[in-house]
Amino acid sequence: MPSINGVLSPGGPVLTMLVGISIPRAAAMNAVGVTVPQFVTGSFLVDTGASCTCVDPTFVASLGLIATGNVPMQTPSTAGVPIHCNQFDVAVYLPDSGTGGGGFYIGALPVIETSFASQGIEGLIGRDIIDRCTMVYNGSAGMFTLAY
């Protein structure tokens, strides 16, 4: 089983992830002759407490995403009161870490827009991605693995 291996940072399990236009949107853009923006690369915290993947709005601004909806979201900082956040469909790619698997790609994934600028990351990898993998968190060795 191919895998992505990482060293635990002080902030936890952080991976490089590329985010781009979803396959259906890219096909629609190509059909009308519009250039599809390149993927953007950022640092994402693997967060088993996040039900879905989240991205910082400034990180994905260059993609020119169009919101597909607005969804309620609760976090510890919202004190039980949901806030409404834009939702976007994107494609994501987690590069291989040398295991020969070619990396992990999802062509269409709904993500939530919320700010992470003050945390030094571009977003969270939530259970919508983690559920498609086997995750090993080896705190004593300072390492983690996502096998796909």
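Predicted model: local features only at pLDDT ≥ 70, side-chain atom pairs only at ≥ 80, totals over all residues.
1. Let's start with Thr145, which touches Ser3, Ile4, Asn5, Thr134, Met135 and Val136, leaving aside residues up to four places away in sequence; contact here means heavy atoms within 4.5 Å. Thr145 counts as partly exposed because its relative accessibility is 21% (buried is under 20%, exposed over 50%, partly exposed in between, with a 1.4 Å probe and protein chains only).

2. Residues are numbered from 1 along each chain as its sequence is written, and side-chain values use heavy atoms, with hydrogens and water left out.

3. Now to the strand around it: Thr145 lies in strand β10 (strands are DSSP runs of E, at least two residues, numbered from the N terminus). Strand β10 (residues 143-147) runs antiparallel to β9, and five bridges join them; two strands pair if DSSP finds at least two bridges between them. Tyr137 stands opposite Phe144 in β10.

4. Stepping back to the sheet, β1-β10-β9 is the order of an open, three-stranded sheet with antiparallel pairing. Its edge strands, β1 (3-7) and β9 (134-138), each pair on one side only.

How values were computed:
Helix = DSSP H or I, 4+ residues; strand = E, 2+ residues; numbered from the N terminus.
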